[in-house]
Amino acid sequence: MIRVINTAYRSDKRRLSAILLFVMGLLVSMGNVKGQQKLKLWYKQPSGEVWENALPVGNGRLGAMVYGNVNMETIQLNESSVWTGSPNHNDNTLALDSLPRLRKLIFDGKQKEAEKLANRTIVSTGSNGQMFQPVGSLHLAFAGHENYTEYYRELNIENAIATTTYKVDGVIYKRQILASFPDQVIAVQLTASKPGQISFTAFYSTPQPKVKINTDPSGRLSIAGTVMDHEGVPGKVKFKGIAEIKNSGGTISSTDTSVVVKNANSATIYISIASNFNSYTDLSGDQNERAERFLHKLFSKKFETILQDHTVAYQNYFNRVKLDLGTTEAAKLPTDQRLRNFNSIDDPSFVTLYYQYGRYLLISSSQPGGQPANLQGIWNNQIRPPWDSKYTININAEMNYWPAEKTNLAELHEPFLQMVKEMAVMGKQTAKEMYGARGWMAHHNTDIWRSTGAVDGAFWGVWSQGGGWTSQHLWEHYLYNGNKEYLASVYPVLKGAATFYVDYLIEHPKYHWMVVNPDMSPENAPAAHQGSSLDAGTTMTNQIVFDVFSSTIRAAEILNLDKEFSDTLKQMRSRLAPMQIGQFSQLQEWLDDIDDPADHHRHISHLYGLFPSNQISPYYTPGLYSAAKNTLLQRGDISTGWSMGWKVNWWAKLLDGNHAYKLIKNQLTPVVMSNGNGGSYNNLFDAHPPFQIDGNFGCTSGITEMLMQSSDASLHLLPALADVWQRRGKISGLRARGGFEVLSLEWKEGKVVKAIIQSNLGGNLRLRVPNAMKIEGGILNKAKGENPNPFYALEKIPEPVVSKKADLSFPALKKTFLYDIPTQPNKTYTLIFTN
C-alpha cells in the first residue's frame, strides 16, 4: 500500500534563496579539503560496511554512527537506556558461609582450589550483567546515486556536525547530521545545488527481535519494541523511535514500512527516540509520550535554528580548552592517511585533533542527568556487544572520566558520580549478604541496573574494589571544586566504602598486615598460583584501601564529623601492607615476591598508586618511583588500546614525556598495522581490539598530564613535555585542583614564557615550572615547607619493604623552580619568563 501525504512546491524566489544558502554552506564545509581547519576528521571515501569507519555524533542520550554511504546512507542509532533486563540483584548468597574456608585456602597457598570454590559461591548464579543494545538503523536509499564524484565526508568536532557531500549528474548533494543537545533529537538535513533533486526512501532495520516497524497516516516512520530477556532477567525496557520528515517541495508518500520523498528541494529528518526508563529501579515512564514530546517541541523550528542552538550548547563545553602544538603540511591529508603516516612523519596537529576528539566523545556520550559513558561510550551496533558494552569498573569505566575534571568538563562527570551513588545503595545489600559487612561494595562490573555482584567467573569477578575505586571520583570532584555542600552530600558514600573495608579486612597470618581476602590483581595470575588470579592483599587493593581511608578521614575533618570513626580508620590504615620493591627492582604486584619480569600483561594494576592515585612521586617517594619505572619497562609498551592509554599517563607522571609520546604513537597506529595490539580505527576510535572508548579518554588524560599536573603537592606546568613539542605551543582552559584554572600556558624551546592562572577559591598557589619566572605586579617567592593549601595535602606514604636483591637507581630529575603565590578568590595571576 502506498499513501501520498502532501505536495508542496515553493516559488522560484524561495528555490533561489535555498540554493544560495546551500552553496554558501557547502563552501564553508569544504574549507577543510586543503587542511585549513584542523579540528575535523575527514575522508575521501564512504564507510562502506565497516562500522568503525562511520563517524559518531551524540548528545549524551542519543548516539548515531553516520556511514556517509552515497546511494544507501546508514545512520545507526542508540539510546542510552536501551539495555536488556530490568531491576535486579545478582548477589550470590552462598558467599558468606563459604568465606572462612575460601580465606583459609588462599592463606594456605591453595589458590586454584579456592578459585573453584569461589566460582560456585561468590560468582553470580544468575545475571552476569545486562547488555547495552542498539535500537536499530535508519537507512536512506538514493536511487541513481551509484555513480558519483567529488566525494567528501567529515566530522567537525568544533561544532559536532557530520557532513557528507558528493556530485551526481552535475548536482552537488549535501547531508548534515547532528545530535541536538537542547532539542534531544537526531536531525538530518538533505540539500542539493539544484531544485527538485532530493529523492530517497527511508526505512528502518534492527537486530532487535521484539520490534514493530510501521508508518502512521501522517507519514512518520516508527520503530517500537521491548528489549530481550538476558540470563534469566526479563527484558522490560520499552523504546519508541519516530522519524519525521519535513520537506520543501516535492512529495512524500509511504508504504507500511517506509517513507518515500520525491523531487524535493530539501528535506529535514527528525529522529526522536525514548524509553520507559526512569531510573535503575523504575520503568514506569511512557516511551510513546516522550518520543512525541521531543518532536512536538521542535517540529516548527527551522533546521538553521536547531543547528545554531545545538552549536551554542555544544561549544559551551568544547571551547573551554584550546590546544596548539603547531602544524605541518601533513595536516592537509585526510584523517585515515594521517593515521597511516603518523609514526613516520611530523604531524603535531594530529595529536591536537586526537586530544580534542577525546573531549568531543565525552561531551557526546555523557551529559548531566543521563547515563555514564559505557565501554563503548554511547555507540554500539551489536545486539550482543563485546563485554556487554557495560561498565567494567576495575579500570575501564574510571578511565572514561579521567579527562573530565582537568579538561574543564566537570559537569560531564555527574553521570558517573550519580552511578556511584546508586551503586552505593545496591552495594549495601551485596556487602551484607555476601560478606557480612556494613557499608557498601561492588565487584568488577556494573550495568544500568547498578548490579554489584560478582560476574564472569572467579578469575575476574572476585575482585571487590569496584566500590572503593569509584568512590574516589566523588572525592576528586571535591578537590577540583572545593564545594563543602557537595562534599557533605557525598560523604555518606565515602564513609560507606570505608566502612566496608573496616569490616572486611582480615589479618594476614604470615605478614600480620590487614588485607583483603579473597583478592586479586585484576585479571592477572602469577605463575606461582598455577593459573589462578586469587590471592590476599594485592598491591593495588592495598593502595585503593589506603586512598579510601585517607579521603574519608580528610572529608570527616573538613566537615567536622565522625572523629571516632576517623580514629578507627587511621589505626586500620597504619596496619595496611606497605608497597614493596621486589628482587627485580620492580614494584611488587603481590605480597609475595613472585613477579615475572617477562610478564607483559595488559593490566599493570599495582601502578594505580602512581596514577590515578598519587602515592608514588618522583619528588617525595623516589624509591617507589624507580620501582614503578622498572615495572613499566619490564611490562613493555605494546598492549591493548586502553592499556596504552593508561601508560601515557604513567610515563607522564614519571616525567618522561618522550616515552609518553612513544605510547601516543603506538596508539595512533592503524589497527591493521598493529598486529592486534591496540591502535586506532579509521574513525580514531580506540581499539582493544575490538572498539573500547576508554583508550580515547585515557590518551586525552595522558596528554593533559604531559602538559600540566596538580596531584603532587603543586601545580606543575610542562612536567613531561615531549621533545617533539618543545619548540612552541599553547594550551588554555585546563583546571587544576584547588579551584585553579590555567587560562593560558605558552611555551617556547621547552620553557614557559607566559602563564595566566585564575584562582577561583583563593589559597596558596604552589607552582612548579621548568624555568625561572616573574609575576606581573608583584614579587614571586620561592616555596618553603609543605604546601599550606589543603587541596594539595599529601598523605605520608609508609616506607616500602625493599628486597635485598633489588638494585635501585634513584631518578636524576630535571631542575625545576618552585614558587608560592598567595591568591585571592576570583583573581587572575600572570607569570612571565625571566632570564
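This is a tour of selected places in a predicted model, stop by stop.

The model is predicted, so local features are given only at pLDDT of at least 70 and side-chain atom pairs only at pLDDT 80 or more, while totals for chains, interfaces and linings use all residues. Residues are numbered from 1 along each chain as its sequence is written, and side-chain values use heavy atoms, with hydrogens and water left out.

**Stop 1: H2 and H3**

Select residues 95–107, helix H2, and residues 111–121, helix H3. Helices (H or I, at least four residues) and strands (E, at least two) are DSSP runs, numbered from the N terminus. The two helices pack at an angle of about 170°, with their axes 9 Å apart. Axes are lines fitted to C-alpha atoms, for helices over the stretch in contact, and angles run from 0 to 180 degrees between N-to-C directions. The angle makes H2 roughly antiparallel to H3. Angles under 35 degrees count as roughly parallel, over 145 as roughly antiparallel, 65 to 115 as roughly perpendicular and the rest as oblique.

Now show the side chains. On H2, the residues in contact (heavy atoms within 4.5 Å) are Ala95, Ser98, Arg101, Leu102, Leu105 and Ile106. On H3 they are Gln111, Glu113, Ala114, Leu117, Ala118, Arg120 and Thr121. By class, the contact of H2 with H3 has seven nonpolar, three polar and three charged residues. Ala, Val, Leu, Ile, Met, Phe, Trp, Tyr, Cys and Pro count as nonpolar, Asp, Glu, Lys and Arg as charged, and the others, Gly among them, as polar.

**Stop 2: Val261**

Go to Val261 in strand E16, residues 258–264. Is Val261 buried or exposed? Its relative accessibility is 1%, so Val261 counts as buried. Buried means under 20% relative accessible area, exposed over 50%, and partly exposed in between, with a 1.4 Å probe and protein chains only. Leaving out residues up to four places away in sequence, Val261 touches Ile198, Ser199, Phe200, Ile245, Thr251 and Ile252. Then select Asp519, 258 residues from Val261 along the chain; the C-alpha atoms of the two are separated by 61 Å.

**Stop 3: H7 and H19**

Select helix H7, residues 348–365, and helix H19, residues 694–707. Their axes are 9 Å apart and the packing angle is about 125°, so H7 and H19 are oblique to each other. The crossing of H7 and H19 is left-handed. A crossing is left-handed if the near helix is turned anticlockwise from the far one by less than a right angle, and right-handed if clockwise. Among the residues of this contact are Tyr354, Tyr355 and Tyr357 of H7 and Phe697, Cys699 and Ile703 of H19. The classes here are nine nonpolar, six polar and one charged residues.

**Stop 4: two cis bonds**

Move to the loop between helix H18 (657–667) and H19, where Pro689 lies. The peptide bond from His688 to Pro689 is cis, with omega near -15°. The bond from Pro689 to Pro690 is also cis, with omega near 10°. Most peptide bonds are trans.

**Stop 5**

Select helix H14, residues 539–559, and helix H15, residues 563–573. They pack at about 150° with axes 9 Å apart, which makes H14 roughly antiparallel to H15. H14 passes H15 in a left-handed crossing. The contact includes Phe546, Phe549 and Ile553 in H14, and Phe565, Leu569 and Met572 in H15.

Asn560 is in the loop between H14 and H15. At 70% relative accessibility, Asn560 counts as exposed. Phi of Asn560 is near 55°, a positive value in a residue other than glycine.

**Stop 5**

Select Trp402, in helix H9 (residues 402–406), and Phe611, in the loop between strand E25 (580–581) and helix H16 (622–635). Their ring centres are 4.8 Å apart and their planes at 85°, so the pair is edge-to-face. Rings of Phe, Tyr and Trp (its six-membered ring) pair if their centres lie within 6.5 Å; planes under 30 degrees apart count as stacked, over 60 as edge-to-face and the rest as tilted. Trp402 is buried, at 5% relative accessibility, and Phe611 is buried at 5%.

**Stop 6: Leu717**

Finish at Leu717 in strand E27, residues 715–717. Leu717 has 0% relative accessibility and counts as buried. Among the residues that Leu717 touches are Leu707, Met708, Val742 and Pro770.
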